[in-house]
Amino acid sequence: MKIVIIEDEIPNSEELQFLLKELNSGYDVSTVLRTVAEVKQYFSSGGWADLVFSDIRLTDGIVFDAFNEDSLALRIVFLTAYDSYIMQALECNCVQYLLKPIELDTLRKVMEKVAATEPQRLIDIKQSFNKVTEYRRKLMLPVSTGLKFVSVDDIVIIRLDDGKVKVYCNNGDEIVVESTIDNFEKSINSVLFFRANRQTIINTDYLDSVEINFMRKYYAKMNGYTNISIPISKEKMIELRRLLSGV
């Protein structure tokens, strides 16, 4: 489990790291953020955590100011010396609101609660691993002249382009298909393929890079089709990172 700690006081963050290691040496608690600015930078650049332990008042402001839509996909335990921020904490997908100092038994109960409330996205990914064999290895594509048979492994992009669904293959073929993006999503492996946005499904095996422009927008580039920029929202980017990391 990857854990991020947001705490501006070094002794407090070190104590929390020690307690977490006492509970489970397998916890990855290597990331510690100390300011609102650092929190914004970390999550806006695609940083991720399975669980966040966060103080509320930091040296440069209130931590809530650092959370945007990305926080909706995070599980956050707030650790603070103040009891006046509970309502704001609940709006940030708060798992637990604790007053400092935290004790080992309390932390153990929190981690048990976290383990029992696994995010739905993780559940979906794990279930999809168990269903890999149920997906087709070859697709029968309805085209204007009849049927076209394509190996799933050869598909790079499935995209709605100018009102038509196109299948982009690794040999350069671009096949116009008489179907919908939703129909494709139901019939292909959701571990291998990823719905990048409403108009596009990508084969992650062909993912070349993800670029960030000056407006902090994410765009996927695919091997063989780097001329096509595929928009990915911040929330979808978080899902993609988790899918590829196999968490």
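Two strands are taken to pair if DSSP finds at least two bridges between them. The model described here is predicted. In it, strands S10 and S11 form a hairpin with 2 residues between them. Within the turn, Asp 162 has a positive phi of about 55 degrees. The two strands run antiparallel and are joined by 6 bridges, with S11 covering residues 164-169. One of the residue pairs is Arg 159 with its bridge partner in S11, Lys 166.

S10 also pairs with strand S14 (residues 200-203), again in the antiparallel sense, over 3 bridges. Here Ile 157 has Ile 202 of S14 as its bridge partner. Strand S10 itself, residues 155-161, is mostly covered, since 5 of its 7 residues are buried.

## Helix H1 and its buried face

Helix H1 spans residues 10-23 and has 14 residues. From its first C-alpha to its last, H1 reaches 20 Å, close to the 20 Å expected at 1.5 Å a residue. Its buried residues include Ser 13, Leu 16, Leu 19 and Leu 20. Seen down the axis of H1, the buried residues fall within an arc of 125 degrees, so they line one face of the helix. In general, an α-helix has 3.6 residues a turn, so residues three or four places apart point the same way.

The buried residues of H1 pack against several strands and a helix. The strands are S1 (2-6), S2 (28-33), S3 (51-54) and S6 (76-80); the helix is H4 (104-116).

## Helix H2

Helix H2 comprises residues 36-44. Val 36, Val 39, Tyr 42, Phe 43 and Ser 44 are buried in this helix. Just after H2, Gly 46 takes a positive phi of about 95 degrees.

## The sheet of S15, S16 and S17

Strands S15, S16 and S17 form an open sheet of 3 strands, in the order S15-S16-S17 and with antiparallel pairing. The edge strands are S15 (207-212) and S17 (225-232), each of which pairs on one side only. Neighbouring strands of this sheet are turned by 30 degrees against each other on average, direction ignored.

Strand S16 (residues 218-222) pairs with S17 in the antiparallel sense over 4 bridges. At this pairing, Met 222 stands opposite Tyr 225 in S17. As a general rule, strands of a sheet pair through backbone hydrogen bonds, either parallel or antiparallel.

Notes. Residues are numbered from 1 along each chain as its sequence is written. This is a predicted model: local features need pLDDT of at least 70, side-chain atom pairs count only at pLDDT 80 or more; totals for chains, interfaces and linings use all residues. Side-chain values use heavy atoms; hydrogens and water are left out. Axes are lines fitted to C-alpha atoms, for helices over the stretch in contact, and angles run from 0 to 180 degrees between N-to-C directions. Buried means under 20% relative accessible area, exposed over 50%, partly exposed in between (1.4 Å probe, protein chains only). The expected span of a helix is 1.5 Å times one less than its number of residues. The arc is that of the directions from the helix axis to the C-beta atoms. Contact means heavy atoms within 4.5 Å.
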